[in-house]
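Have a look at the structure first, then read on.

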Amino acid sequence: MTRRPDPEPSQMPHEITYIGCARCGTQIAGLDGRYACSGCGWVNHWSEGHTELPTEADG
């Protein structure tokens, strides 16, 4: 049996995460710890996410 190599970080599966909005308290879902509330417009800073964002060279 051969083992497949570990995926590159940019190919790792994404995780849906949930929090209460920091401004209005509405429960919101985000991708890898990055959130935007459709109720009040609050958005967390990109650096608060759980993973590195892809660079221009990745895309």
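**Notes on the chain**

1. Let's begin with L31, which sits in strand β2. Keep in mind that this is a predicted model. Is L31 buried, exposed or partly exposed? Its relative accessibility is 41%, so L31 goes down as partly exposed, the class between under 20% and over 50%.

2. L31 also belongs to a nonpolar surface patch, together with I16 and Y18. Between them, the three residues have about 320 Å² of accessible area.

3. As for the overall layout, I count two strands and zero helices in the chain. Of its 59 residues, 20% count as buried. The chain exposes about 5100 Å², with 53% of that coming from carbon and sulfur atoms.

4. Which residues make up the largest nonpolar core? It has five members: C21, I28, Y35, C37 and W42. As background, nonpolar side chains in soluble globular proteins tend to be buried together.

5. W42 is worth a click. Setting aside residues up to four places away in sequence, W42 touches I19, C21, A22, R23, I28, Y35, A36 and C37. Among these are C21, I28, Y35 and C37, its partners in the core.

6. Finally, A36 falls in the segment after β2 (27–31). Beyond its neighbours within four places in sequence, A36 is in contact with I28, W42 and V43.

How values were computed: Residues are numbered from 1 along each chain as its sequence is written. This is a predicted model: local features need pLDDT of at least 70, side-chain atom pairs count only at pLDDT 80 or more; totals for chains, interfaces and linings use all residues. Side-chain values use heavy atoms; hydrogens and water are left out. Helices (H or I, at least four residues) and strands (E, at least two) are DSSP runs, numbered from the N terminus. Buried means under 20% relative accessible area, exposed over 50%, partly exposed in between (1.4 Å probe, protein chains only). Accessible areas come from the Shrake-Rupley method with a 1.4 Å probe; for residues, only the protein chains shown count as cover. Contact means heavy atoms within 4.5 Å. A nonpolar core is a set of buried Ala, Val, Leu, Ile, Met, Phe, Trp, Tyr and Cys residues joined through side-chain atoms within 4.5 Å. Patches are made of residues with over 30% relative accessible area and no salt bridge: like charges are joined within 9 Å, nonpolar side chains (Val, Leu, Ile, Met, Phe, Trp, Tyr) within 5 Å. A salt bridge is a side-chain nitrogen of Lys or Arg within 4 Å of a carboxyl oxygen of Asp or Glu.
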